[in-house]
Amino acid sequence: MRSSILILFISLSMLLAMPRDSHATDTILKVGRVSFNPRKHYPRVKAFADYLVDHLGHLGYEKSQVVFTKDLDQLAALMKAGKVDVISETVYAAAHLVDKAGAQILLREWRGGQSSYKSVFLKRKGTSISNIRELEGKMVAFEDPGSTSSFYLPALEIAKAGLTLVEKKYPAQRLELQPGEVGFVFAYQEVNIALWIQEGLVDAGAMSDLDMANPRHMPDTVLPHLDVIHSSPTYPRSLFLVRGSLDPKTQNSIRDILLRAHEDPDGLLIMDNYWNVSKYDVLPEPERRIVDSIRLE
Amino acid sequence: MRISRQLFFMVLGTSMMTVAVAMAILFLSMSQFLERQHEMDRTLLQKTLTRQYSQYGKDLLEAIEEAIINPMFLNDRAQIQAILSSFIGRSGVLNIYVFDTHWRVLVDGTEDFSSRGKHISDLFDINVEQLKQAPTTQNEAIHVREILINDEYLLGGIALIVDRSSLLQSVDLLSQNMLQIQREAKETQYRAMFIILPVIFLFSIGVSIFVAQYFSSPIKQVARNVQRLEAGNYKISLPIYRKDEIGDLARSTHNLARTLEENETFKGELISSVSHELRTPLTSVLGFAKLISRDLKNVIPAETLTDDSQLKKVRRIESNLDIIALESQRLTRLISNVLDLSKIESGTIEWDFTRAGIAEPLAVAARSMHGVFASLPKVKLTTDIPEDLPEIPIDRDRIEQVIVNLLSNAAKFTEEGSVHLDARIVNGAMVQVNVTDTGIGIPEHMQDQIFERFQQVAESGRMKHNGTGLGLAICKEIVEAHHGRIWSMQCTGGGSRFTFEIPINGIISEY
């Protein structure tokens, strides 16, 4: 923790100490990331940033900079202030940055070979819940407040169903729910969501379909005891965003670099280390609309 | 075998046997002790390690409970699983189960939660109460603990399975190490014994020699002195001042020697006195017998007697007087011989050794016997005495006495034939004198006995009662006084031969 704060402090200090001259600023590419473990993430993000800078030399970029923040709001603030140029984020966080920092979605980011995913609602077999509306008065488990697939998107689905989410501290607090309310608790681990549903601690839980297919998050011994009662629309797995005020030439150059990066062995290795990224491509229009709809929500 | 050797081997054998038995007992008891100790060490080690393992299991269980109690409150199964995973595989932990309040598995330490929902009794085939007693199998130890909040609120339970085979392996390993150490200790003992054994052996030899000497030396000294006593030498010295039986034996031997010496002195004096006292009347008897015989012949000449009965009476008186004279002479010789022998044996005889030619005494002795042989018409005395015999240290009279005795013996036991006296030099070192006769000879078994006192060959009728039985004994004493030796042998054609040798230089050389 102390080292994280130290690196953050150093990063911010460097930002503040940098000259205000726009030309000088533009020679540094600043890559942002929300992290609770900067020591672990720095080498990977730095390598990715350097890869971009190496290919942006014709635009005057000479070096890169990694900017870590402790949460999304801080990241949005820095991006809005022009202190973060590019960032990779999941759908909900991306929508937040578009709204709050004027970020622009540049490309769709494939992770682990997956271009998109969706959130699924699970319940224990043998219970009477058959659709999302029947979650009224029930307790649902999500992963954590920052999870797109296991909080924001499922919450959006519940809202679409006309129900109100109410956070509770313990699963046993379902008795306190009012009509039209759906209680929820954070399990902080996908596997806890699966186990809680199986044990009956909660009535249902939500996670991405990718997590549901991953035995580390959904044990093989538990999955047979669960049923899917609802699925969200398909969302892009991740998005690559740029600061809205970033020079269009730079944006275009970055787009071109990333679209070809998976064809470059060095680029592929760096992307894999960066966010388990396997590829960048253009965000399909239907998914763009879904992202936009999130922003509207 | 000499007593010193007997004692030596007896003590050596006894000590070696004692040492061997002691070593064997020591080895056996040491081996048994080491084996028993090894078993005890192994048992103790196993008990100690088992106890420590048991305590270790309890401590581990407490540590696990401490670690998972918050995740248990938060139902954070993933966190519990992560905690359990961090324990499993370390320090012999095979698996850990976390149970709900009904002892059904919540988390089992595996990523796929394969045991979830199973009841504890299905996992271990025994009930919870039995499991709480920390049962063990050959390879596993199971520790079960309830997770209680403030000792009353049951949150769940934990079961810990510890690998016991590692414990047994540790016991085996340590046991083997101890065994190895004990083997090395035993080998060291063996090596030490191999060093000690020769030392003990040498020490035993030393002790044996000492003991053998300590006991045999005075015994040998006593034996030597007894042999001297046997040889007639009573001047013995026994400086043994021990207070044990050997000391008693030495003192008794010494006293015996004194007594014998006194007796011998007394005997010599007695013999001397008796001889003297006997010789005087015998001389008178002999003289008067001869005188009466002569007077009888003069007073009553035989040719004057016409009456046969008177003549027979006179002949009988003459014969009786001859017997008196003859027996008186024999008695006189006997007394002389006894006196000589007594003087020789008591050492009181006075020797007159001078370097002189031996031929002369031989010739003198032969001449002195002419009278005897003249009375034996069927026996002829011949001599072969070289003139060039060397001068040697001799007592002439005694040598003459020896020759006279031998010739006299030969004459006695030869009825017909010859008696031959000869002398010669043997090997340039000895003068050898032989008296050979054609008489009755000497049986083989008596060849040595005849040189003992009062030993005679079976006598013929003619020589009956005519010997003293001391002549050859005196010869032997005289020859040995000249450092010579005397022996007899049977001649091939009959008869016997007496031989004596005297060293030319007075010392017998071995040849």
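## A guided tour of chains A and B

Welcome: α6(B) and α7(B) cross with a left-handed sense. Before you go further, keep in mind that this is a predicted model.

Stop 1: Select residues 245-299 of chain B for helix α6 and residues 308-346 of chain B for helix α7; their axes come within 8 Å and cross at roughly 160°. That angle makes α6(B) roughly antiparallel to α7(B), because angles over 145 degrees count as such. Colour the contact by residue class and you will find 17 nonpolar, nine polar and seven charged residues.

**Stop 2: another helix pair in chain B.** Now select residues 3-73 of chain B, which form helix α1, together with residues 77-87, which form helix α2. These two pack at an angle of about 160°, and their axes are 9 Å apart. So α1(B) runs roughly antiparallel to α2(B). The crossing of this pair is right-handed.

Which residues of α1(B) and α2(B) meet? Show side chains for B:L60, B:A63, B:I64, B:A67, B:I68, B:P71 and B:M72 on the α1(B) side. Facing them from α2(B) are B:R77, B:Q79, B:I80, B:I83, B:L84 and B:F87. By class, this contact holds eleven nonpolar residues, one polar and one charged.

**Stop 3: B:I69.** Stay in helix α1 of chain B, where B:I69 is found. Beyond its neighbours within four places in sequence, what does B:I69 contact? Its partners are B:I147, B:I149 and B:L155.

**Stop 4: a helix crossing in chain A.** Move to chain A and select α3 (38-55) along with helix α9, residues 248-261. The axes of α3(A) and α9(A) come within 10 Å and cross at roughly 115°. This crossing is right-handed. On α3(A), pick A:F48, A:Y51, A:L52 and A:H55; they meet A:I254, A:I257, A:L258 and A:A261 of α9(A). Seven of the residues in this contact are nonpolar, one is polar and none is charged.

**Stop 5: the largest pocket.** To centre your view, select A:T90, A:R111, A:E143, A:G146 and A:W275, the closest to the pocket's centre among the 44 residues that line it. Several elements of chain A give two or more residues to the lining, including β1 (28-34), α4 (72-80), β3 (86-89) and α5 (91-101). Helix α3(A), from the previous stop, is also one of these elements. Which element gives the largest share of the lining? That is α10(A), with four residues. Coloured by class, the lining shows eleven nonpolar, 18 polar and 15 charged residues.

**Stop 6: two backbone angles.** Here is a reminder before the last selections: most residues other than glycine have a negative phi. Select A:Y188, in the loop between β9 (181-186) and α7 (190-199) of chain A. What is the phi of A:Y188? The value is positive, about 65°, although A:Y188 is not a glycine.

Then go back to chain B and find B:H483 in the loop between α11 (471-481) and β10 (485-490). Its phi is near 60°, again positive in a residue other than glycine.

Methods: Residues are numbered from 1 along each chain as its sequence is written. Chains are lettered from A and ligands numbered from 1 in the order in which they are written. This is a predicted model: local features need pLDDT of at least 70, side-chain atom pairs count only at pLDDT 80 or more; totals for chains, interfaces and linings use all residues. Side-chain values use heavy atoms; hydrogens and water are left out. On a 1 Å grid over the protein atoms alone, a cavity is a set of points where a 1.4 Å probe fits but cannot get out, and a pocket is an open set with protein on both sides within 12 Å along at least five of seven lines; lining residues have an atom within 4 Å of a point. Ala, Val, Leu, Ile, Met, Phe, Trp, Tyr, Cys and Pro count as nonpolar, Asp, Glu, Lys and Arg as charged, and the others, Gly among them, as polar. Axes are lines fitted to C-alpha atoms, for helices over the stretch in contact, and angles run from 0 to 180 degrees between N-to-C directions. Angles under 35 degrees count as roughly parallel, over 145 as roughly antiparallel, 65 to 115 as roughly perpendicular and the rest as oblique. A crossing is left-handed if the near helix is turned anticlockwise from the far one by less than a right angle, and right-handed if clockwise. Contact means heavy atoms within 4.5 Å.
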